Amino acid sequence: MMNAEEVAVGLIVLNGGKLVGRTRIQKQAYLLHRCGGNFGLQFTYHRYGPYCFELVGGLNDARAEGRIEVEEEIGRHGVAYAIFRSGERAGIPQCLGDLEADGARNLLNKMKGISDIVLELAATIVFLRDEWDYFGKDRIDPEEETRKRKPLKSTDERISAARKLLQELGLNSVPANA
Amino acid sequence: MGIESEHSRKSFRIRDPIHGLIRFGGSGHEHRDRTDLIAWRLLNTKEFQRLRRIRQLGFSDLVFPGATHSRLAHSIGVYHMARRLADVIAQRKGSEHNEDRERVVLLAALLHDVGHGPFSHVFEAVGEAVGIRRRHEEWSAEIVRGETGINKVLRDECERLPGQIEILLKENEPKDIYGAIVSSQFDADRLDYILRDRLMTGVDFGHIDLDWLLDCLEVGTVTIGEDKPHEAPCLYLGPKGVQVAEEYLEARSRLYRMVYMHKTTRAAERMLGELLRRVAEKFADLPFAQSEPVARYLVSEAPTLRSYLALDDSTVWAALSIYSGCSDPRISELATRLMERRLYKCVDVGTKDTEGGNLFSRFRLALGNLDAASHCLFDDATVVPYKWYNFEDESALNKVLVKSQNDMPEPEDILNVSEIVEVLKKERRIQRAYVPRANIEALRRTLEEVK
């Protein structure tokens with residue numbers, strides 16, 4: 001079991017010292033947790049897929065302790081987004097939960113270039129499949145359920161990319177009734 | 001509200017403290033009147049009547065004694081607001097208005113809270129902690145789909161209706177402009193609860209000019225998507241609506257700070273959460289757990305819809321009365337304190353950072369060796385009154401969109417035109433500890449020491 005602050009700092013450092021967006025950090029944390037990180041954090045169903053409130057606290061603590069820096073930048077359409085950078089006191093993690101640092105870094109590399117929406121869909125499919133208890137779970141596969149809940153985001157192309165990512169991470173999407 | 005004579009009457013009426021007279025039927029519009037009649041039948045099902053026994057604001061009446069309004073009253077208000085929003089859409093869309101879709105959305109608005117449990121968010125959090133990984137949205141969908149009076153009323157009208165409503169209740173994003181009635185910044189739920197919670201708590205801030213706001217709402221499209229930009233339908237406010245949008249967001253922000261996150265209410269919630277977790281842990285193997293509905297639900301490996309629908313605020317209060325005589329001293333103490341409103345007191349740590357790092361983390365660490373903190377409950381929450389969403393994906397539809405000039409090609413985020421909203425986008429963190437009054441000084445001293 002790892003505390004949320006260590007997970008937050010570790011994720012940023014192992015991403016090369018920079019991570020953009022709050023959604024991205026949440027989804028990466030969840031996927032890594034499921035890839036064997038076993039962080040001991042509680043993820044719950046959220047509008048944008050699995051979400052961990054403790055991780056938000058961990059980010060705040062890490063920022064307060066100078067282990068990470070958070071910048072808010074203005075993107076297109078004048079909307080701000082958060083950039084997380086490792087700070088001077090971040091340290092170099094030897095592991096991330098039960099994953100060796102190198103192993104975690106390799107998994108994070110597989111998520112590079114994958115859009116936030118695809119990460120969200122991939123994390124949601126796994127979460128609905130293995131953790132969240134939705135009615136009809138015995139007959140509705142998690143991919144179909146994800147499409148129902150996120151009808152606009154779940155284009156065929158994105159679902160296909162999510163499926164591919166899950167295969168690469170070793171978290172293959174298997175329908176609950178298969 | 002009997003339904004026995006519904007066929008012989010043209011309409012039914014309810015008086016509401018927020019919206020005045022809410023009429024079901026009698027509008028002269030056949031399609032809407034038929035929807036109203038279904039809504040009226042839904043109101044009279046036992047699953048909907050259960051909401052009469054669930055308070056909208058849980059423990060808030062411990063601080064604001066007037067805040068005893070039920071989820072039933074709120075749900076009726078939401079239905080009324082949904083009709084007003086649907087009228088705006090119908091007026092703007094003219095002949096393109098889809099009456100069948102409107103019906104699904106209005107009934108979904110009425111039923112959106114039907115799956116709430118007692119002391120909703122506390123109960124859900126305890127449920128999750130003990131392995132019941134199901135939120136009220138899942139229960140709402142199941143109440144609509146499963147063998148219930150609500151399902152029967154809907155199927156009597158149309159076999160497909162329960163499935164259509166179930167999907168809408170589960171959707172995390174509005175699929176079309178009608179979906180915005182149940183899920184958007186100006187959805188019917190928010191419009192009603194802001195007005196209702198303000199009135200019932202008696203707070204004297206947060207007035208919203210609702211008529212003006214609705215009159216300024218327009219139907220349009222906004223371009224979203226980085227890779228493949230496309231147009232998505234949205235509700236937005238015209239140039240004269242910017243100020244009322246600010247009022248609306250400010251009202252929500254202040255309600256969060258001064259009502260929903262009130263230290264005393266949160267203390268009671270933390271105490272109930274701790275109590276129920278302990279009940280689930282201690283009673284799991286006792287026969288008692290099978291006879292008392294709250295414990296039965298919490299210790300069940302696979303709770304059924306029936307066991308869930310047996311729960312409401314009154315069953316929790318009745319359980320507290322039983323728990324107050326429990327042999328476990330912690331359960332007994334917490335139950336008795338809640339019943340007598342002898343709540344834990346709050347040490348507000350604030351969000352100050354010190355040279356040694358985050359104050360709350362250090363405070364918690366320091367409390368580890370303190371006997372007076374053995375029963376301490378913590379609260380660490382973040383509130384963002386106006387969340388940022390980008391235009392990269394469909395979450396853009398959760399923005400407050402405005403056209404500050406009539407000739408703008410498409411609406412923009414209110415952040416671009418409002419300094420007030422610029423302030424509201426900042427995260428506010430709450431960090432508190434709660435202990436019995438006798439221990440409060442010891443905690444305050446510890447806090448001073450670590451500062």
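The crossing of helices α5(B) and α12(B) is right-handed, in what is a predicted model. These two helices pack at an angle of about 35°, and their axes sit 9 Å apart. Who meets whom? On the α5(B) side you'll find Val122(B), Phe123(B), Val126(B) and Ala129(B), and they meet Glu269(B), Leu272(B), Gly273(B), Leu276(B) and Arg277(B) of α12(B). Sorted by class, this contact has 6 nonpolar, 1 polar and 2 charged residues.

In soluble globular proteins, nonpolar side chains tend to be buried together. Here, the largest nonpolar core has 119 residues, and Leu272(B) and Tyr323(B) are among those with the most contacts inside it. Helix α3(B) gives the largest share of this core, 10 residues. There is also a second, separate core of 54 residues, including Ile12(A) and Ala162(A).

Leaving out residues up to four places away in sequence, Leu272(B) touches Phe59(B), Phe119(B), Val122(B), Val316(B), Leu320(B) and Leu338(B).

Val316(B) and Leu320(B) bring us to helix α16(B), where both are buried, along with Asp313(B), Thr315(B), Ala319(B) and Tyr323(B). These residues span an arc of only 160° around the axis, so they lie on the same side of α16(B). What covers them includes α12, α13, α14 and α17 of chain B.

| α3(B) | residues 71–93 |

Technical notes. Residues numbered from 1 in each chain as written. Chains lettered and ligands numbered in written order. Predicted model: local features only at pLDDT ≥ 70, side-chain atom pairs only at ≥ 80, totals over all residues. Heavy atoms only, no water. Axes fitted to C-alpha atoms, helices over the stretch in contact; angles between N-to-C directions. Helix = DSSP H or I, 4+ residues; strand = E, 2+ residues; numbered from the N terminus. Left-handed = near helix turned anticlockwise from the far one by under 90°. Contact = heavy atoms within 4.5 Å. Nonpolar A, V, L, I, M, F, W, Y, C, P; charged D, E, K, R; others polar. Core = buried A, V, L, I, M, F, W, Y, C linked by side-chain atoms within 4.5 Å. Buried < 20%, exposed > 50% of the residue type's maximum accessible area, 1.4 Å probe, protein only. Arc of directions from axis to C-beta.
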